[in-house]
Structure formats: structure tokens, C-alpha cells
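I opened the notebook to go through one structure and write down what I looked up. The entries follow in the order I made them.

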Amino acid sequence: MTYSRCIPTDYDTDRAAQAVHQVLDELKINYAEVQHAPIFTVEQAKTTHINLPGLGCKSILLRTKKRDYYALVLLRDDRRANTKAIAQQVDCAHLSFASPDELMEHLGLYPGTVSPFGIINDHNNTVKILIDPTLVDEQLLFHPNANNRTISIAYSDLIKFIVHTGHSYQILQQ
């Protein structure tokens, strides 16, 4: 399969978002959602009016060279992932960006749809969650596994979601 900045036409964004909604509703997590044109990059997000409270966030899947460790890094949208510093904090020699095939294999997501909610597709709990400390106790904005909508969720509720899925998480050092 080839990948580009567009999601395949057979990717059902409604179904992807509904799967996230179902878990959030089961956990009685409050969230607000808006629909919008598909957003593939942080730059596009900054030019899209999203009338929701919260910090814009990005989600990046990293992996080791041996592909034996995967980490979903959650960052403010204005921060860069310092892969060397993150690798040191999780005791890995080196971390690099996962491929589109690895995104699909571990999170069931395409580039442009990656979010922490993708862990509902990681049934083997192979992905660890690493969180930027500036997100703690904030209201956060993420795609609900579909890049044509955005969810606003409290940090504490995101942690509740992560724990519910059986995934581990770690707050990164500044």
C-alpha cells in the first residue's frame, strides 16, 4: 500500500470516531467535539478555526531500531519531539519515527489520524504512552482517530482512558 498525506477513501472516519466515543461514553468521560475539514498537519490545524477550549496537541509514534519498543509521544502542538532526550528518559539507545505501516499495525491509524485514542486498537499493549509535562492538568485537543474532527478532553480524563485500555504512561521530564 502506498501512503500520502491523504487517508484512503475506504477509511471510515465516522466509524473510527464512534469507536472512540463508545469508550469515552462507557467511562462517563465528558468531551466536546467539532467536525471540520480534514487536517493532516499542525500547520493546517493552526489555520483551522476550532471553537473548543484546550491546548492543541500532536501525537507521534516512535520506535527503536530493533522495533521492540514503541512509544506514542503526546506533545503540545508547538513543541518538537527531542528523540535523543526521550530515548534517554526511557532507557533506549535510539528512537526514530515509526513508518505508516507501523502506525497501522500498532494503532490501526493512518498518518494524519494519529491520536492517543488509537491505543484502543493496540490489543497487545505494545505501545507505551509518553506525555509532555506541559499537558498535565490542561484541557487537551486531539483527533478522535479521524482527522476531520477534534475532541476537547481534560487531561485527567485522558489518563482515565489510557488506564482503562491497560496501557502504561509516563510523564516526560522537561
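In which strand does I171 lie? I find I171 in strand β8, which covers residues 169-171. I note at the start that this is a predicted model.

**Entry: surface patch**

I then looked for nonpolar neighbours on the surface. I171 forms a nonpolar patch there with V163 and Y169. Together the three have about 250 Å² of accessible area.

**Entry: aromatic rings**

I searched for ring pairs next. How many aromatic pairs does the structure hold? It holds two. For F117 and F142, I read a distance of 6.3 Å between the ring centres and an angle of 85° between the planes, so this pair is edge-to-face. F117 sits in the loop between α4 (100-107) and β5 (127-131), while F142 sits in strand β6 (residues 139-142), so the pair ties together parts that are 25 residues apart in sequence.

**Entry: H106**

I went to helix α4 for H106, which lies there. H106 has a relative accessible area of 9% and is buried. Which side chain does the side chain of H106 meet in a polar contact? It is that of T126, at 3.1 Å. Not counting residues up to four places away in sequence, H106 touches Y70, N121, D122, T126 and V127.

**Entry: salt bridges**

A search of the whole structure finds six salt bridges. I wrote up some of them.

R149 bridges to D14, with 2.6 Å between the closest N and O atoms. R149 belongs to strand β7 (residues 149-154) and D14 to helix α1 (residues 13-26), so the pair ties together parts that are 135 residues apart in sequence. R149 counts as buried at 4% relative accessibility, whereas D14 counts as partly exposed at 41%.

R67 and E102 also meet through their side chains in a salt bridge, at 2.7 Å from N to O. R67 is in the loop between β2 (55-63) and β3 (70-76) and E102 is in helix α4, so parts that are 35 residues apart in sequence are tied together. I read 44% relative accessible area for R67, which is partly exposed. E102 counts as buried at 4% relative accessibility.

D132 and R79 are another bridged pair, at 3.1 Å from N to O. The pair links distant parts of the chain: D132 is in the loop between β5 and β6, R79 in the loop between β3 and α3 (83-89), and they are 53 residues apart. D132 counts as buried at 1% relative accessibility, and R79 is partly exposed at 28%.

**Entry: backbone phi**

Last, I checked phi values. Most residues other than glycine have a negative phi. K28 is not a glycine, yet its phi is positive, at about 55°. K28 has its place in the loop between α1 and β1 (32-35). At 70% relative accessibility, K28 counts as exposed.

N145, also a residue other than glycine, has a positive phi near 65°. N145 is found in the loop between β6 and β7. Its relative accessibility is 2%, so N145 counts as buried.

Notes:
Residues numbered from 1 in each chain as written. Predicted model: local features only at pLDDT ≥ 70, side-chain atom pairs only at ≥ 80, totals over all residues. Heavy atoms only, no water. Phe/Tyr/Trp six-rings, centres within 6.5 Å; stacked < 30°, edge-to-face > 60°. Helix = DSSP H or I, 4+ residues; strand = E, 2+ residues; numbered from the N terminus. Patch = residues over 30% accessible without salt bridge, like charges linked within 9 Å, V, L, I, M, F, W, Y side chains within 5 Å. Areas by Shrake-Rupley, 256 points an atom, 1.4 Å probe, with all protein chains shown as cover. Salt bridge = Lys/Arg side-chain N within 4 Å of Asp/Glu carboxyl O. Buried < 20%, exposed > 50% of the residue type's maximum accessible area, 1.4 Å probe, protein only. Polar contact = N/O pair within 3.5 Å; in protein donor to acceptor, adjacent residues only side chain to side chain. Contact = heavy atoms within 4.5 Å.
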